[in-house]
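Subject: Structure handover

Hi,

Here is the structure I promised to pass on to you. Have a look at it first, and then read on for my notes.

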Amino acid sequence: MGIGAGLAVVVAAAGAYFVAGPGTGSASLTSATASERAADASGATNGQALAAGAAPSASVAPQASASGPPAASASPSAPAAKAAGGCTRPVAATPKAKVTEVKLGVKVTGYGGQGDTEALPMAIAARPAGGSWLAWLGTDKRVYLGKLDCDDKLVGKPTSFTGIDLQDVQADSKGGVILLTRAGSCGSGPLCGGASSPCNTMHMIRFDDSGKQVWERQVTNLSSSRTGYDDGARFVWWYQHHGRLATDGKNYAAYFGVAITVKNGSCVDIHEGDRMQVVSASGNLVTSNKDAFEVGCSHAWTSRIVWDPRTGHFVTVCATDNDCRIARPNPYRTVAAGTCDGTLFGGDLVLSSKSGYWTAWSQGGTARLEHFTTGKSDTTVRTGAATAHPHLVAYGSKRMLMVWGSGSSMAAQVYDAGSGKAVGSKFTIAAKDHDYQAFKAFPDGSAAYAAAGSTSTSVRIARILPS
């Protein structure tokens with residue numbers, strides 16, 4: 001079932017609930033039925049009953065490739081000489097934002113209403129050797145990828161891939177991976193009720209350091225013999241399906257919203273949850289990875305993931321209407337209790353400089369920071385930031401940066417990544433926020449964000465310089 005900010009009203013049929021039509025883009029949330037909540041909260045692993053019978057997908061046959069480990073973060077007190085990651089960026093006493101206009105020569109999809117069902121326009125990733133990869137969604141059903149230098153200027157000619165929605169991009173020493181959505185097939189059904197919608201697929205695209213494709217791997221499970229309306233299908237429908245990538249330096253993990261097809265007598269119902277899949281350096285699904293799952297949170301939105309080298313695990317959190325909370329999936333563990341009033345939003349997830357993790361989230365238009373290790377938060381920071389959509393990113397080795405939309409710009413505050421205490425004063429970033437896009441940490445201690453440009457063929461890179 002499609003649950004989350006901006007998702008549609010549901011329609012009852014044959015004792016089950018399913019999404020009946022496109023979302024409104026508003027910040028509304030429809031609660032699950034009591035029976036669905038009971039199923040989600042049963043003794044089975046989250047979504048296990050819904051996931052039964054699902055098989056890992058196969059896509060284009062992969063070619064061998066390897067990913068190097070990410071570069072270590074530089075200390076925030078590093079001198080202003082050549083910084084880690086091959087770039088020389090000034091280190092200031094206080095955080096300073098540098099905004100650079102990048103002319104692309106290709107039209108970029110606009111922000112639209114920024115609903116959770118709408119396409120994401122752009123994403124950025126740090127290159128360990130210096131500079132960045134910039135990905136953006138064109139208006140021609142293509143996802144573009146370009147390389148930026150240390151001054152955040154485009155170098156060389158961008159490449160592109162077939163795609164109808166961009167999700168994320170991450171990089172390593174030999175290239176990187178882009179996560180995108182492609183058109184799929186629903187098949188003939190029949191649905192137990194409601195209207196037909198697209199049945200799309202989610203793919204990882206591995207590229208080399210020149211931006212050329214090495215392999216691709218579908219992380220949903222549609223195929224020539226399994227379409228969206230077949231029992232056991234895992235696919236991308238119109239509703240919340242945004243995803244994020246993380247890497248351990250070799251494998252890549254994708255965590256995203258997913259449609260779940262379940263047989264109900266002579267017809268099928270379509271539910272909504274999330275899914276995490278791990279893909280090897282050679283492009284094969286790592287079915288033995290214990291952090292991966294067919295369905296984690298149900299019903300879910302704002303799927304967030306981080307690799308923790310200290311524990312050797314991919315760590316995930318979601319916002320879910322199962323008890324209306326920010327939770328660890330598979331199995332459910334509450335991080336922070338919320339309410340289903342239409343304002344529950346999960347921000348980003350970063351490593352603590354001590355043990356555990358920090359996540360930003362918002363309820364009632366106010367942002368909070370929560371520190372947790374395995375489940376329940378042990379520290380809550382009430383930031384006072386008036387926002388429904390906070391961002392959080394590592395900033396150097398021992399700090400983190402929370403950012404949120406403020407009028408036509410963004411506001412930001414640095415926090416200690418161990419204690420959660422605010423560091424210094426709030427400052428402004430002269431770039432337009434997007435509710436669902438992400439800041440990325442860089443090995444020189446800076447952080448960057450890809451934002452809408454001044455024209456339909458440009459993007460602005462907002463970089464918070466090291467301090």
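A word on terms before the sheets: two strands count as paired if DSSP finds at least two bridges between them, and strands (E, at least two residues) and helices (H or I, at least four) are DSSP runs numbered from the N terminus. This is a predicted model, in which local features need pLDDT of at least 70 and side-chain atom pairs count only at pLDDT 80 or more, while totals for chains, interfaces and linings use all residues. Residues are numbered from 1 along each chain as its sequence is written, and side-chain values use heavy atoms, with hydrogens and water left out.

Four strands form an open sheet in the order 24-25-26-27, paired antiparallel. Strand 24 (391–394) and strand 27 are at its edges with a single partner strand each, so one side of each has no neighbour in the sheet. From one strand to the next the twist averages 20°, where axes are lines fitted to C-alpha atoms (for helices over the stretch in contact) and angles run from 0 to 180 degrees between N-to-C directions.

Within this sheet, strand 25 and strand 26 are antiparallel over eight bridges, and Arg 399 has Asp 416 in strand 26 as its bridge partner. Strand 26 is joined to strand 27 by five bridges, again antiparallel, with Val 414 partnered by Val 423 in strand 27. These two strands make a hairpin with five residues between them, and Gly 420 in the turn has a positive phi of about 85°.

A second open sheet of four strands has the order 8-9-10-11, also with antiparallel pairing. Its edge strands are strand 8 (165–172) and strand 11 (213–218), each pairing on one side only. Strand 10 (residues 201–208) pairs with strand 11 over five bridges, and the bridge partner of Ile 205 in strand 11 is Glu 216.

Now to strand 6. Five of the seven residues in strand 6 (142–148) are buried, so the rest of the structure largely encloses this strand; buried means under 20% relative accessible area, exposed over 50%, and partly exposed in between (1.4 Å probe, protein chains only). Strand 6 pairs antiparallel with strand 5 (residues 132–137) over six bridges, where Leu 137 stands opposite Val 143. Six bridges also join strand 6 to strand 7 (residues 154–162), with Leu 145 opposite Thr 159. Both turns have a residue with positive phi: Lys 141 at about 60° in the hairpin of strands 5 and 6, and Asp 152 near 60° in that of strands 6 and 7.

Best wishes
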